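I opened my notebook to look up pockets and a helix pair. My entries follow.

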Amino acid sequence: METQEIAFENMDFTREVFGPGNAHLDTVARMTGVRVESRGNELSISGEDPLMIGLICRYFAQIYDLVRGGHQLYERDIEQSLRIMLRDPSTPLKTYYQEALFAVSSRKTVCPKTVTQREYLHSLRELDLTLGIGPAGTGKTYLAVAVGVSLFLQKKVKRLILTRPAVEAGEKLGFLPGDLVEKINPYLRPLYDALHDMLDYTKVQEMIGTGAIEIAPLAFMRGRTLNNAFVILDEAQNTSPEQMKMFLTRLGYGSRAVVTGDITQIDLPGHIGSGLVQAMEVLKDVQGVAMIHFTDADVIRHPLVGRIVRAYDQHRQATLSREDDASRPSVRGKGRRVTPAREG
C-alpha cells in the first residue's frame, strides 16, 4: 500500500470539494478502488497503484481550483470530470470547462458535462444534420434547443422549429378536448421547458406569436420547405421510416436539423419499424451528417437515473439472450440438451 496526502487552504472550499458527508470522496473511492479519507482540510489517498494515487491527487487539486474559481460543484460533476481524467490523465479540467462554456443568451450559459456532450455541441454548431442517440437525461434535446436559441439570437437563422411525433395520440388529435394548442401541448411540453430555461416567458410567447418559434407535431411538417430555420425533431425513435424521410427532406436553404431519440424506448406498434433506426443505417456514410451516441455515462440528471438506465440495459440484454437461447433448435436427450449436427 502507498499513501499520499494533500492539504487545502480554504476550509469552505474544502467542504464543497469533499461533498456533503464526504459523498464526493466516496464516489471517487468507488470509481477507482483507492481509499480516500479526510482529516480536517487534508486528504489521505491510499492504494496499491502509485500511478492511480498520483492521478487522484492531481484530480482533487484541480477540483479545488475549479471550486475556488466559482464553479458550482454537483455529484454528477465529480463522476463526469473523473471519467474525463481517467480517460486522459493530462486533461486540465479548469481549461476544459472554461473552453466548453457556451453562451446561449444574456440569461443562460451552458457547459457540456461530458466528452460526448462536448462533441455533440460542436457538431450542432458546425454541421447541417446531427443525430443525437441515447438514453434520457443525456442533454440531447436541451443542448439542441440551446444552440437553436443562440443561432436565432445571433440572426444566423430566422426561425426555430421544434417538433416531435404525438405517438400517444396516434397523431389523430381531434378527439382530445380544447383547441389545437391545448391538444398538442402535453406532447411538446419538454420543448417548452427547455425554451423557458433559456429565455424569459414573455420573450418566448412573443417569438411564438410572431412565428419565430414554432412548436408543432411532426404531421404538421408534411408538404413544407423549411428555409433559414433550425429544426429539432425530438423523440425520433417514434417516427415511422416514411415520417423520418419526410422530415429530413423538408430542409431548405440556410437550414440545419437535429434529430434526437432513444432507440431503447420505441413506442410504435409492433408492425411499424422505427424511422430513427433506419436512418442510422441509411445515413451512416453520408457526408455532412454526424451521429453522436450517448451512453448511461452521459446521464446528467440525478445520479440514480444513470444507475436505472444501466439496470434496464442489463435486463434487456439478459432478456434478449434468453430469447436467443430459446429460439435455438435442440433435441432433448437423457439429462442433457443435444443440438442436432449439421448434415453433410
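What volume does the second largest pocket have? I read about 460 Å³ for the second largest pocket. A pocket is an open set of points on a 1 Å grid over the protein atoms alone, where a 1.4 Å probe fits, with protein on both sides within 12 Å along at least five of seven lines. Its volume is the space filled by probe spheres set on the points.

I noted that the model is predicted: local features need pLDDT of at least 70, side-chain atom pairs count only at pLDDT 80 or more, and totals for chains, interfaces and linings use all residues. Residues are numbered from 1 along each chain, and side-chain values use heavy atoms, without hydrogens and water.

Next, the lining. I found 20 residues lining the second largest pocket (an atom within 4 Å of a point). Pro135, Asp262, Thr264, Val309 and Asp313 lie nearest its centre. Helix 12 (residues 303–327) gives the largest share, eight residues. Helices are DSSP runs (H or I, at least four residues), numbered from the N terminus.

Then I turned to the largest pocket. I read about 980 Å³. It has 42 lining residues, and Gln117, Gly139, Tyr142, Leu143 and Ile300 are the closest to its centre.

Last, I looked up helix 2 (residues 23–32) and helix 4 (residues 75–87). Their axes, lines fitted to C-alpha atoms over the stretch in contact, come within 10 Å. They cross at roughly 35 degrees (angles run from 0 to 180 degrees between N-to-C directions). The contact (heavy atoms within 4.5 Å) includes Val28 and Met31 of helix 2 and Ile78 and Leu82 of helix 4.

How values were computed
Helices (H or I, at least four residues) and strands (E, at least two) are DSSP runs, numbered from the N terminus.
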